[in-house]
Amino acid sequence: MSQAAPAPISGQLPVADSASVRRTAMRLILEERRWLVVLVTVQGAATAAGLVGPVILGDLVNQLAAHRATGQEIGQAVAVFAVALCLQAVLTRIARSRAAVLGERILAKLREGLIDGVLGLPLEVVERAGTGDLLTRSTTDVELLTTAVQRAVPDMGIATVTATLTVIALVVTAPPMAVVLVPAIPPLYLVNRWYLRRASSAYLNRQAAVARVNSRIQESMTAGRTIEALNLGERRLGQIEEEIQRSLRADWATFRLRVVLFPTTEACYILPLFTAVLAGGLFHVAGVLSLGAVTTAALYAQQLVGPVDILLSWLAALQIGGASMARILGVGEVPQPELTTSRPLSQQLTAERVHFAYREGRDVLRGLDLSPDQGRRLAVIGPSGAGKSTLALLLAGVFAPSSGRVQVGGVDVSRIPTERLRTEVALVTQEQHVFAASLRDNLLISDAAAADLRLWEVLDEVDLGEWARALPMGLATQLGSGGVAIGPAQSQQLALARLLLADPHTLILDEATSMLDPGAARHLERSLARVLRGRTVVTIAHRLEGARDADLVAVVDSGRVTELGTHQQLLAAQSGYASLWRAWASDSEPGVDA
Ligand code: ATP
């Protein structure tokens, strides 16, 4: 019976929709409500201190108009004004630092969420999507979002509090003067909407165009000799010129947007003061407002320009940050495979009627059956592109078959949680990673509970003991970037030591030693032989040499096992394997004894 095919996973990672971005932003802000309350309170106090000045000036104007102000009263007013200004400066500074902390806390949560999302991604998704998209999301998108959260959010938070309180003060001091704000609102709204609709794509286009110019120039520099040898200089110059022209056009497009936005916004900023003087004069003449109230209201209208300008200038950055946040949150929206809690009943690995396709309708594996004998070594050989590496990924549970099943002890391999799977079946490839951490931490990845004694044992078993004892701080020595450099052969040995710690009963080897120089490969093969002892081993033998020493050989062609037997049986059967072997033996090892 076949298992149900998993939902197809497209190559691209998902992007969160705007409703989910808004919900997440709101949740993150609300989770920090304590900091938000502190920020609003301190900034509210700073704004209130700033609102005192216009009231004092308004009173002074009233008294001067009535010829009642004495020198002492003027002196007192100036002193209160100065104290209010100092208070405003101190409180604004405190509010700024609180706002920065708030931004950092939100950013830290987003980054942690991204790391959790990336680490929780099913391997299948990473394999299919490629690492480029993931890398862009973890670097460029995080950087863009950092700018938005570290600078835009605090600035906008402060500006919102300031603008709101200033408008309230204006309305309370001189209610009729609220009308002075009205003429500025429609043009400001319309021009900003017009700008924002075009800005992010125009700026992204410009960035992409600049990136293309850079990569063309860099390409031409690195391939200089080839370009010269093939006489391609003129053509390359033409291509660079074309890219520069494109980049200029993209730059002009953003310039045209700014040319409309900036003058219109500046004009709108003058409008409230202009209207305040005009309307205030009329209200005063009509006896509705005192001269002092008009002065205070006009100063408030002018004070609004700063925060409104900050709010508007950060809108584009916020929009770009929002797009990056959607891509970052998208990583967490990848559907997780259904995992099983069932324990395998035996250590038998089986592949039954397995079909698998990277692209719909183009099967790479077509009804493949394979059941390696426990504790024996099976070599899988076949022509390039036959599906050998794909089979290795399926046997190790990285991919799930589109139909058929790959199981260990009756449980689907791809549904066993990773932590548990690595104690059952492990994939060993030529790509081995050394983490920028201590040697001990690099080993404990496989078995967090292992004692130092056990770590030394496995290091000795893979011939790394001597090297590790010579390290300045033994197991505590930092490896990788910023620590002790470690070569490809040692990285492989370290990976083998991790395997010993995880202790899986079945190993899938895919080109584990092929990238190394022959000397290192032989050395590594000795360590590998010790690791393989007593385990079931499936070796993807990209070189036929590997097949001779195996207990059993499976020939894979066009996604199926076409021959199965011992090396000698297959040679005796005069099969396709026999001709492959003879061709390889005469080419690479003239004296080889079949
Ligand atoms: P080789 O010995 O050359 O490595 P192989 O037998 O291991 O070949 P696979 O690497 O499994 O073959 O590839 C089988 C087929 O699947 C090939 O046609 C290959 O182009 C295709 N293929 C492999 N990986 C992917 C992928 N990530 N996306 C799409 N197609 C792929």
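On a 1 Å grid over the protein atoms alone, a cavity is a set of points where a 1.4 Å probe fits but cannot get out, and lining residues have an atom within 4 Å of a point. This is a predicted model: local features need pLDDT of at least 70, side-chain atom pairs count only at pLDDT 80 or more, and totals for chains, interfaces and linings use all residues. Residues are numbered from 1 along each chain as its sequence is written, and side-chain values use heavy atoms, with hydrogens and water left out.

**The cavity**

The count is one cavity of 30 Å³ or more. The largest cavity has a volume of about 40 Å³. Volume here is the space filled by probe spheres set on the grid points, which are joined across faces, edges and corners. Its lining consists of L107, L110, R111, V142, L145, T146 and I328. Helices are DSSP runs (H or I, at least four residues), numbered from the N terminus. By class, the cavity lining holds five nonpolar residues, one polar and one charged. Ala, Val, Leu, Ile, Met, Phe, Trp, Tyr, Cys and Pro count as nonpolar, Asp, Glu, Lys and Arg as charged, and the others, Gly among them, as polar.

**The second largest pocket**

A pocket is an open set of points with protein on both sides within 12 Å along at least five of seven lines. Helix 5 gives the most, with nine. The lining divides into 20 nonpolar, six polar and one charged residue.

**Helix packing**

Axes are lines fitted to C-alpha atoms, for helices over the stretch in contact, and angles run from 0 to 180 degrees between N-to-C directions. Contact means heavy atoms within 4.5 Å.

| Helix pair | Angle | Axis separation |
|---|---|---|
| Helix 6 (185–222) and helix 10 (305–331) | about 25° | 9 Å |
| Helix 3 and helix 10 | about 40° | 8 Å |
| Helix 14 (452–461) and helix 16 (488–502) | about 130° | 9 Å |

Angles under 35 degrees count as roughly parallel, over 145 as roughly antiparallel, 65 to 115 as roughly perpendicular and the rest as oblique. Helix 6 is therefore roughly parallel to helix 10. Their crossing is right-handed; that means the near helix is turned clockwise from the far one by less than a right angle. L188, N192, Y195, L196 and S200 of helix 6 meet V308, L312, L315, A316, Q319 and I320 of helix 10. This contact has eight nonpolar, three polar and no charged residues.

Helix 3 and helix 10 are oblique to each other. Helix 3 contributes L110, L114, G117 and V118, and helix 10 contributes M325, I328, L329 and V331. Seven of these residues are nonpolar, one is polar and none is charged. L110 and I328 also line the largest cavity.

Helix 14 is oblique to helix 16, and the crossing is right-handed. R454, L455, V458, L459 and E461 of helix 14 touch A497, L500 and L501 of helix 16. This contact has six nonpolar, no polar and two charged residues.

Key:
Helices (H or I, at least four residues) and strands (E, at least two) are DSSP runs, numbered from the N terminus.
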